[in-house]
Amino acid sequence: MKYTSSNIDIDSGYYQGEPSLHFKFKGKFTETASRDSTRAWHQELDANPLTHYVFIWDCENMGGFEISARKLWYEYMNLHKHQIDRVVVISGSILIRNAARVMLEFFGTTCTVVKTREKFEELKEMAEL
């Protein structure tokens, strides 16, 4: 799948040998951006109901989020929690990292949180060894 907008890009691929969706957040994550992008990844997961995904949330360029955007994202995560194997969060912002941790803990989803893309790449490389 490929989805592109002014606030978020989504690309499918593989991470550590598992199917993944890579979300690249740009600027402030609004309710409109959440609604449109959630619809896209919801369709991908619905089309592949037996597939488990690794979600990669690249929040390095995220400038915050609207509470309503997060609420909508929660709703769809809840619909697909059985398909989300784990989430990797990339963010230099302690606020965004902590919000992601709380959200993922709420769903009982395993997560790895890193501060930079370089740390993410190191994790990826270590897993491939």
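## Aromatic cluster, cavity and helices

Ring pairs join Phe 23, Phe 25, Phe 29, Trp 41, Phe 55, Trp 57, Trp 73 and Tyr 76 into a cluster, where rings of Phe, Tyr and Trp (its six-membered ring) pair if their centres lie within 6.5 Å, and planes under 30 degrees apart count as stacked, over 60 as edge-to-face and the rest as tilted. The model is predicted, so that local features need pLDDT of at least 70 and side-chain atom pairs count only at pLDDT 80 or more, while totals for chains, interfaces and linings use all residues. Residues are numbered from 1 along each chain as its sequence is written, and side-chain values use heavy atoms, with hydrogens and water left out.

By this ring rule there are 15 aromatic pairs. The rings of Phe 25 and Phe 29 have centres 5.0 Å apart and planes at 90°, so this pair is edge-to-face.

| Residue | Relative accessible area | Class |
|---|---|---|
| Phe 25 | 4% | buried |
| Phe 29 | 5% | buried |
| Leu 104 | 0% | buried |

The structure holds one cavity of 30 Å³ or more, a cavity being a set of points on a 1 Å grid over the protein atoms alone where a 1.4 Å probe fits but cannot get out, with lining residues having an atom within 4 Å of a point.

Leu 104 lies in helix α3 (residues 94–107), helices (H or I, at least four residues) and strands (E, at least two) being DSSP runs numbered from the N terminus. Leaving aside residues up to four places away in sequence, Leu 104 touches Trp 57, Met 77, Val 87, Val 89, Thr 109 and Cys 111, where contact means heavy atoms within 4.5 Å.

Among the buried residues of helix α1 are Trp 41, His 42 and Glu 44, and the buried residues of α1 pack against β1 (2–4), β2 (8–15), β3, β4, α2 and β5 (84–90).

Key:
Buried means under 20% relative accessible area, exposed over 50%, partly exposed in between (1.4 Å probe, protein chains only). On a 1 Å grid over the protein atoms alone, a cavity is a set of points where a 1.4 Å probe fits but cannot get out, and a pocket is an open set with protein on both sides within 12 Å along at least five of seven lines; lining residues have an atom within 4 Å of a point. Grid points are joined across faces, edges and corners, and a volume is the space filled by probe spheres set on the points.
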